[in-house]
Amino acid sequence: MIKIGSLFSGVSGLEHELLKRPDFELVFVADPDKFCSQVLAYLHPNVPNLGSVTEVDYNTIPDCDMIMGGTSCQNFSEQGDR
């Protein structure tokens, strides 16, 4: 089993394809956005959301084999100029 952690998780788009495979397991996500947090809780109800990456105690995160992170998409979102 390959355990993955996700930073800047958004709505879990990056993890979506990996989690289709039975050999991957999501062990934590990190996103403080209210909407994203609701989506993450719905999609991954047993996976802890560590919130903002600036407030995570990286000495206490769940063990994982790989950490992945999404980049900000403000340029393409409602927050940016699209």
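Strands, like helices, are taken here as DSSP runs numbered from the N terminus, with at least two residues (E) for a strand and at least four (H or I) for a helix. Strand 1 (residues 2-7) and strand 2 run parallel and are joined by 6 bridges, where two strands are said to pair if DSSP finds at least two bridges between them. The structure is a predicted model, in which local features need pLDDT of at least 70 and side-chain atom pairs count only at pLDDT 80 or more, whereas totals for chains, interfaces and linings use all residues. Residues are numbered from 1 along each chain as its sequence is written, and side-chain values use heavy atoms, with hydrogens and water left out.

The chain contains 2 helices and 3 strands, which follow the pattern β-α-β-α-β when read along the sequence. The 3 strands form an open sheet in the order 2-1-3, with parallel pairing. Strand 2 and strand 3 stand at the edges with a single partner strand each, so that one side of each is left without a neighbour in the sheet. From one strand to the next the twist averages 25°, the angles being taken between N-to-C directions, from 0 to 180 degrees, of axes that are lines fitted to C-alpha atoms. Strand 1, helix 1 (residues 13-18) and strand 2 make up a right-handed β-α-β unit, a crossover being right-handed if the path from the first strand over the helix to the second runs clockwise with the strands pointing away from the viewer.

Of the 82 residues of the chain, 34% count as buried, that is, they have under 20% relative accessible area, against over 50% for exposed and in between for partly exposed (1.4 Å probe, protein chains only). In strand 2 (residues 24-30), 6 of the 7 residues are buried, and the strand is therefore largely enclosed by the rest of the structure. In helix 2, Cys36, Val39 and Leu40 are buried. Seen down the axis of helix 2, these buried residues fall within an arc of 100°, so they line one face of the helix, the arc being that of the directions from the helix axis to the C-beta atoms. The cover over the buried residues of helix 2 includes strand 2, while Lys34 and Tyr42 are exposed on the other side of the helix.

Lysine 34, located in helix 2, has a relative accessible area of 65%. The C-alpha atoms of lysine 34 and glycine 51 are 9.8 Å apart in space, although the two residues are 17 residues apart in sequence. Histidine 44 lies in the loop between helix 2 (34-43) and strand 3 (66-69), and histidine 44 counts as buried because its relative accessibility is 14%. With residues up to four places away in sequence not counted, histidine 44 touches Ser12, Leu19 and Leu26, contact meaning heavy atoms within 4.5 Å. Across the chain, residues 24 or more positions apart account for 44% of the contacts with a separation of 6 or more.
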